[in-house]
Amino acid sequence: MTKLKLQLSGVVKEYPTGEQPVRALDGIDLTIDGGQFVSLVAPSGAGKSTLLHMLGALDTPTAGSIRFNDVEVTTLDDNAQSDFRRHQVGFVFQFFNLLPTMSAWENVAVPKLLDGTPIKKAKADAMRLLDMVGLAQRSEHRPAQLSGGQIQRIAIARALMMDPALLIADEPTGNLDSKTSHNVLEILGDVAHGSEGRRAVVMATHDLEAARST
Ligand code: ADP
């Protein structure tokens, strides 16, 4: 079993806009270990999403190093980077991004179906994850038939489908009431703390109440 270690050093990200580039990250040094549930807390525009994109290899820094276990993510070519992302990183966003015409289990199964896993196996894995987030009874429901909190739990199950070492959540409770938020945060905490160090969860939030659970 590999324990996750994620190490950033001197990470800079500049966006080339107009005459003056925007420096969204200005030399970030950060270590994240498997088993941790970490929150990035800052006001809007501070660079949280940018940092999450770097952690998840959705974008490449302008300078600096990102080591994911023994892999220097910043030097991977496009194909290797997208392969890395597909297998090592799960994403949960504020606006759930479920496919409206698919049932809950189909939404959860999508990453494995795209990866060529036979449907029977993908469905069994999806059902196990739906059970973990407390929604086994809703597997045939479509997103429109579910509440915001239920949809976010399905999005978490989907993000875990490839058994990623890193789960990234960008304002995952931004659209939820406080009771539902609490439930989602509890699940995210379990995902990190119950992984025996294999997995970390990193969440961006501007909600101090949410950050308290990390
Ligand atoms: P947060 O997630 O904390 O709200 P962001 O990471 O989205 O912050 O943004 C950090 C800064 O980078 C902001 O000034 C934002 O306007 C800028 N920025 C983010 N993405 C881009 C982009 N694609 N092009 C240009 N500027 C960007």
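Helices (H or I, at least four residues) and strands (E, at least two) are taken here as DSSP runs, numbered from the N terminus. The model is predicted, so that local features require pLDDT of at least 70 and side-chain atom pairs pLDDT 80 or more, whereas totals for chains, interfaces and linings use all residues. Residue numbers start from 1 along each chain as its sequence is written, and side-chain values rest on heavy atoms, with hydrogens and water left out.

Points are joined across faces, edges and corners, and a volume is the space filled by probe spheres set on them.

The largest pocket holds about 450 Å³ of space. Its lining comprises 17 residues, of which Arg85, Arg86, Val89, Phe91 and Pro111 are the closest to the centre. Two or more lining residues come from each of α2 (78-88), β6, α3 (104-114) and α5 (148-159), and α3 gives the largest share, 4 residues. By class, the pocket lining has 10 nonpolar, 4 polar and 3 charged residues; Ala, Val, Leu, Ile, Met, Phe, Trp, Tyr, Cys and Pro count as nonpolar, Asp, Glu, Lys and Arg as charged, and the others, Gly among them, as polar.

The whole structure contains 1 cavity of 30 Å³ or more. The largest cavity has a volume of about 40 Å³ and is lined by Leu52, His53, Leu58, Phe91, Val92, Phe93, Ile168 and Asp170. Elements contributing two or more of these residues are α1, β6 (89-92) and β7 (166-170). The cavity lining divides into 6 nonpolar, 1 polar and 1 charged residues.

Around the ligand (a heavy atom within 4 Å) lie Tyr15, Thr17, Val22, Ala24, Pro43, Ser44, Gly45, Ala46, Gly47, Lys48, Ser49 and Thr50. This shell consists of 5 nonpolar, 6 polar and 1 charged residues. At least two shell residues come from each of β2 (22-33) and α1 (48-55), with α1 giving the largest share, 3 residues. A polar backbone atom of Ala46 is 3.2 Å from a ligand oxygen. The protein buries 60% of the 560 Å² that the ligand exposes when taken alone (Shrake-Rupley method, 1.4 Å probe).

Salt bridges (a side-chain nitrogen of Lys or Arg within 4 Å of a carboxyl oxygen of Asp or Glu) number 13 in the whole structure. One of them joins Lys13 and Asp59, with the closest N and O atoms 3.4 Å apart. Lys13 belongs to strand β1 (residues 5-15) and Asp59 to the loop between α1 and β4 (63-68), so the pair ties together parts 46 residues apart in sequence.

How values were computed:
Polar contact = N/O pair within 3.5 Å; in protein donor to acceptor, adjacent residues only side chain to side chain. 1 Å grid on protein atoms, 1.4 Å probe; cavity = no way out; pocket = protein on both sides within 12 Å on 5 of 7 lines; lining within 4 Å.
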